[in-house]
Amino acid sequence: MANIAFSTPFTHSFTHTDVTVGTSASQILAETTNSYDKRVMLLVQNQSTTATLEVIFSTTGASGIVLTPGQSIMIENYNGAVRAVASAASTPVHIALSLV
């Protein structure tokens, strides 16, 4: 398992969600629409031991950041939609986020 480090002073608590992603791109997190609900930190972790996961920080487009099995990506102050596509069906993905 990878180490995860972050250093934002506004993080008080996290919301954790587990989802599964298939071989077609799908939205795993909607865009934040409330002006008072802003994400301070967002983490997406590929929990598969074999499949790769492509994380797309956009509502359109097909290219994203590829995570190998067990790898994660953390982004701060991103409030847009997040989509993902995996190399295998039913790939487990963990999402952790903190809101202001």
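Q: Ser-90 sits in the loop between S7 and S8. What is the phi of Ser-90 near?

A: Good place to start, and keep in mind that this is a predicted model. Most residues other than glycine have a negative phi. Here, phi of Ser-90 is near 55°, a positive value in a residue that is not glycine. Ser-90 counts as exposed, at 56% relative accessibility.

Q: Let me step back to the whole chain. How many helices and strands does the protein have?

A: There are 0 helices and 8 strands. Along the sequence, the pattern reads β-β-β-β-β-β-β-β. Of the 100 residues, 37% count as buried. The accessible surface comes to about 5600 Å², with 52% of it belonging to carbon and sulfur atoms.

Q: What share of the contacts between residues at least 6 apart joins residues at least 24 apart?

A: The share is 75%, for contacts between residues at least 6 apart in sequence. Beyond its neighbours within four places, Ala-96 is in contact with Phe-14, Thr-15, His-16, Met-41, Leu-42 and Leu-43. With a relative accessible area of 5%, Ala-96 is buried.

Q: How should I read strand pairing? In which sense do S4 and S7 pair?

A: As for the pairing here, S4 and S7 are antiparallel, over 4 bridges. To find your place, look for Ile-56 standing opposite Arg-83 in S7. S4 also runs antiparallel to strand S5 (residues 65–67), joined by 3 bridges, with Val-55 opposite Ile-65 in S5.

Q: Which residues have the most contacts inside the largest nonpolar core?

A: A nonpolar core is read as a set of buried nonpolar residues joined through side-chain atoms within 4.5 Å. The largest one here has 16 residues, and those with the most contacts inside it are Val-21, Ile-28, Leu-42, Val-44, Leu-53, Val-82 and Ile-95. The elements giving two or more residues to this core are strands S2 (26–29), S3 (39–46), S4 (53–56), S7 (82–86) and S8 (91–99). For a closer look, take Ile-28: leaving out residues up to four places away, it touches Val-19, Val-21, Val-44, Val-82, Arg-83, Ala-84 and Ile-95.

Q: How many aromatic pairs does the structure hold?

A: A pair of aromatic rings is described by the distance of the centres and the angle of the planes. The structure holds 1 such pair. Phe-57 and Tyr-78 form it, with centres 5.2 Å apart and 80° between the planes, an edge-to-face arrangement. Phe-57 is in the loop between S4 and S5 and Tyr-78 in the loop between strand S6 (72–76) and S7, so the pair ties together parts that are 21 residues apart in sequence.

Q: Are Phe-57 and Tyr-78 buried or partly exposed?

A: Buried means under 20% relative accessible area. Tyr-78, at 17%, therefore counts as buried, whereas Phe-57, at 22%, is partly exposed.

Q: Now a charged residue. Is Arg-39 buried or exposed?

A: Arg-39, found in strand S3, counts as buried, at 4% relative accessibility. When reading such a residue, look at its polar partners. The Arg-39 side chain reaches the backbone oxygen of Ala-30 at 2.4 Å, and a polar atom of that side chain lies 3.3 Å from the backbone oxygen of Tyr-78. Arg-39 also touches other residues beyond four places away, including Leu-29, Glu-31, Asn-77, Gly-80 and Ser-98. Its C-alpha is 6.8 Å from that of Leu-97, 58 residues away in sequence.

Q: Which side chain reaches the backbone nitrogen of Arg-39?

A: That of Asn-79, at 2.7 Å. Asn-79 is placed in the loop between S6 and S7. Not counting residues up to four places away, Asn-79 touches Glu-31, Thr-32, Asp-37, Lys-38 and Arg-39.

Key
Residues numbered from 1 in each chain as written. Predicted model: local features only at pLDDT ≥ 70, side-chain atom pairs only at ≥ 80, totals over all residues. Heavy atoms only, no water. Buried < 20%, exposed > 50% of the residue type's maximum accessible area, 1.4 Å probe, protein only. Contact = heavy atoms within 4.5 Å. Areas by Shrake-Rupley, 256 points an atom, 1.4 Å probe, with all protein chains shown as cover. Pairing = 2+ DSSP bridges. Phe/Tyr/Trp six-rings, centres within 6.5 Å; stacked < 30°, edge-to-face > 60°. Polar contact = N/O pair within 3.5 Å; in protein donor to acceptor, adjacent residues only side chain to side chain.
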